[in-house]
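Hi,

Here is the structure I said I'd pass on. Have a look at it first, then read my notes below.

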Amino acid sequence: MTEQQINSSADISLAQAADIKRVFAKQKSHALTLRNSTADNRIAKIKKLRDAVLERRESIYRACYDDFRKPETEVDLTEIFPVKLEANHAIKQLKKWMKPVHVMPTRVTFGTRSYIRHEPMGVNLIISPWNYPVNLTLCPLVSALAAGNTAILKPSEMTPHTSAFLRELIDDLFDENEVALFEGDAEVSQQLLDLPFNHIFFTGSPAVGKIVMAAAAKHLSKVTLELGGKSPVIIDQSADIKQAAKTVVFTKYTNNGQTCIAPDYVYVHQAVQHEFVAEIKQAINRAYGQTPDIQLTNQDYARIINNHHHQRIKGLIDDAIEHGAQLDAGGITGNDGENYIPPTVLSNIDKTSKIMKEEIFGPLLPILVFGDINEVIDHINSNEKPLALYIFTKDQELARKILNGTSSGDACINTGLIHYLHANLPFGGVNHSGIGKSHGIYGFRAFSHERSVVRNLFAPTLLLAPPYNRFVKWLAKSVVKYMS
């Protein structure tokens, strides 16, 4: 790079940083007026966003295909539908969510009336990932708008076509003093993180989540971190093996395995190990084709996002095989230029191999065998808490034992992924897999400040005020003794 190019790049960076600060200042000022926004004001914005997404479906199809050959049906199910679902739920419930929540007085606060107000946080930053670029950008935005906030969006540079679509969408729908979007790489993210946002909503890897949290700590910004981890599947011998295999194939290979709540590895009971592997292979063939050539040309199968991740996943396969893993399906990666890796199943896994240490985020399914469920529970507890846990069993007592013995962000029994679409459930991780919850009222709360308000009616509080004479001392001791 020449000196002139370096200076030009620096000028662009300085100009963009100045633009970011300008927009932030405008939003900070406008956020004060939004504190008085009504439910109807907010609902109108959400409807406008929802309708625009539905009207521009063809543009979304093209952008997602151009970025990583995402099939149209998967775009409908995993990008557009979740946004519509989140928007419709907020539109229907928002007036109820915004009402003050009245709380009963305690014995100590007898004579008062109290309630909780949900107030806008103010200026919010939403940093979204590349794997579901529309869904994971716009669903948090719905929650931010529902709570009466302004927002700055930063989508991933790894999906440039979709990020460009989102930029056009936001520019068309909103004034920049209310919602704005900045494209760019990690440098842009850092420029944004240097600002004192009231709340930061980040979706991505735990490694980057730590960077976001550290940046937020400088301003004591509130954070919601939607991260990831190695989400396990447990297949008990009592499970419906055919149904379990179909579910695992669907939840694992959708979006080419690039899903934060996709199964990362499977523990199957030794009594049904061979049956399960056979059913997995049949389910793959039904979904994506009977031969490698048919799978390669299948239009219902996305691609790895870029060559860097393609090489990383190839490395996981090679390392697993070097450690003695058996390749039961897939493994042929084809033309590197296409970033294609077929649905892959590996068994006889060495727990020291990389595939059991790193979050896969690709179409590889390691299968381990167990005889004693306590071994599985111990293994899960020896690692970071996962974002999701999937249990397949007809034994309710066993399911209860697993839930009581482990910790995960969320869990499903005899199903998978569907909890993400449950508008009345909180979604999110725990510790390493995430901080905070989202979706529905939980997303509304994430972007809100819960402000406690106490109004005095006839509370005898001043009876305990100084001077501390004999009566006040007696009354204080009585309160300590009896008012619990």
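Asp410 and Lys437 make a salt bridge, with their closest N and O atoms 3.2 Å apart. This pair links distant parts of the chain: Asp410 is in strand 14 (residues 410–413), while Lys437 sits in the loop between strand 15 (434–435) and helix 15 (440–446), 27 residues apart. Asp410 counts as buried because its relative accessibility is 13%, and buried means under 20%. Lys437, at 26%, is partly exposed. Keep in mind that this is a predicted model.

The structure holds 17 salt bridges. Another one joins Asp172 and Arg56 (3.1 Å, N to O). Asp172 lies in helix 6 (residues 160–173) and Arg56 in the loop between helix 2 (39–55) and helix 3 (57–68), so this pair ties together parts that are 116 residues apart in sequence. Asp172 is partly exposed at 48%, and Arg56 is partly exposed at 22%.

Then there's Lys154 with Glu157, at 3.5 Å between the closest N and O atoms.

Leu463, Leu464, Phe471 and Trp474 form a nonpolar patch on the surface, with about 410 Å² of accessible area together. Leu464 is in the loop between strand 16 (448–456) and helix 16 (470–482), and is partly exposed at 34% relative accessible area.

Cheers

Conventions. Residues numbered from 1 in each chain as written. Predicted model: local features only at pLDDT ≥ 70, side-chain atom pairs only at ≥ 80, totals over all residues. Heavy atoms only, no water. Patch = residues over 30% accessible without salt bridge, like charges linked within 9 Å, V, L, I, M, F, W, Y side chains within 5 Å. Areas by Shrake-Rupley, 256 points an atom, 1.4 Å probe, with all protein chains shown as cover. Salt bridge = Lys/Arg side-chain N within 4 Å of Asp/Glu carboxyl O. Helix = DSSP H or I, 4+ residues; strand = E, 2+ residues; numbered from the N terminus. Buried < 20%, exposed > 50% of the residue type's maximum accessible area, 1.4 Å probe, protein only.
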